[in-house]
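Trainee: I would like to learn how to read a model like this one, feature by feature. Could you start with one residue and build up from there?

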Amino acid sequence: MRCPFCHAEDTRVIETRANDEQGTIRRRRECQDCRRRFTTYERHEEPQLYVIKKDGRRELFDRQKLLDGITKACQKRPVSREAIEDAVYEIERALRDALKDEVPSGALGDLVMSRLRTLDAVAYVRFASVYKEFRDLGSFLDEIQRVLERTRLEHVAEGQTSLFHADD
Ligand SMILES: [Zn+2]
């Protein structure tokens, strides 16, 4: 098994775990050359991706949940279903391309927000308000402030005063 980082051939299995529910075997390996660790899976097209919550719990990455969250954030905004699905796909690809099997929830939140920011400013603020607990509060507030400022200007230009719809 080649090391995905330095491509050395000498890697060692340090842990093997079978997941009977999913019918997969997960092997934790260590490169004997660069000492980096990586995970391989058997009988599975794509490795399981875990989100590490702030309290340390691991949760399987849930594409549907992310899709639902972004859809909700984009409610009544001029964002197509296709654009939302593209965003979810890009976020998942970015995670998988990093060749990691775990991602901190904060890093996932950052990825989602940077993608949302290019989609729709209001959707971005809505989503950020849900995810703020995972982020550093200071930078979160700075970010929100910037978007609010920009959105307010845009809405003033459109003759609107409120960020959100009355039924939101
Ligand atoms: Zn290596």
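Mentor: Let's begin with Lys 76, which is found in the loop between α1 (63-73) and α2. The element names are DSSP runs numbered from the N terminus: helices are H or I with at least four residues, strands are E with at least two. This is a predicted model, where local features need pLDDT of at least 70 and side-chain atom pairs need 80 or more, while totals for chains, interfaces and linings use all residues. Residues count from 1 along each chain as its sequence is written, and side-chain values use heavy atoms, without hydrogens or water.

Trainee: How do I read a sheet, and in what order do β1, β2 and β3 stand?

Mentor: Follow the pairs: two strands pair if DSSP finds at least two bridges between them. Here an open sheet of 3 strands runs β1-β2-β3 with antiparallel pairing. β1 and β3 are the edges and have a single partner strand each, so one side of each lacks a neighbour in the sheet. From one strand to the next the twist averages 25 degrees; axes are lines fitted to C-alpha atoms (for helices over the stretch in contact), and angles run from 0 to 180 degrees between N-to-C directions.

Trainee: How many bridges join β1 to β2, and how many join β2 to β3?

Mentor: β1 and β2 are joined by 8 bridges, with Arg 17 partnered by Arg 26 in β2. Between β2 (residues 24-31) and β3 there are 6 bridges, and Arg 28 has Thr 39 of β3 as its bridge partner. β2 and β3 make a hairpin with 5 residues between them, and Arg 35 in that turn has a positive phi of about 70 degrees.

Trainee: Which strands make up the sheet with mixed pairing?

Mentor: That open sheet has 3 strands in the order β5-β4-β6. Its edge strands, β5 (58-60) and β6 (102-104), each pair on one side only. Neighbouring strands there are turned by 30 degrees against each other on average, direction ignored. β4 (residues 50-52) pairs with β5 in the antiparallel sense over 3 bridges, and Ile 52 faces Arg 58 of β5.

Trainee: Which residue does Arg 26 meet in a salt bridge?

Mentor: A salt bridge puts a side-chain nitrogen of Lys or Arg within 4 Å of a carboxyl oxygen of Asp or Glu. The structure holds 15 of them. Arg 26 pairs with Asp 101, the closest N and O atoms being 3.4 Å apart. This pair links distant parts of the chain, 75 residues apart: Arg 26 in β2, and Asp 101 in the loop between α2 and β6.

Trainee: What lines the second largest pocket?

Mentor: A probe the size of a water molecule, rolled over the atoms, shows where empty space is left. The lining of this pocket has 14 residues, with Thr 39, Pro 47, Arg 96, Leu 99 and Lys 100 nearest its centre. (On a 1 Å grid over protein atoms alone, a pocket is an open set of points with protein on both sides within 12 Å along at least five of seven lines, for a 1.4 Å probe; lining residues have an atom within 4 Å of a point.) β3 (37-42) and α2 (81-97) each supply at least two lining residues, and β3 gives the most, with 4.
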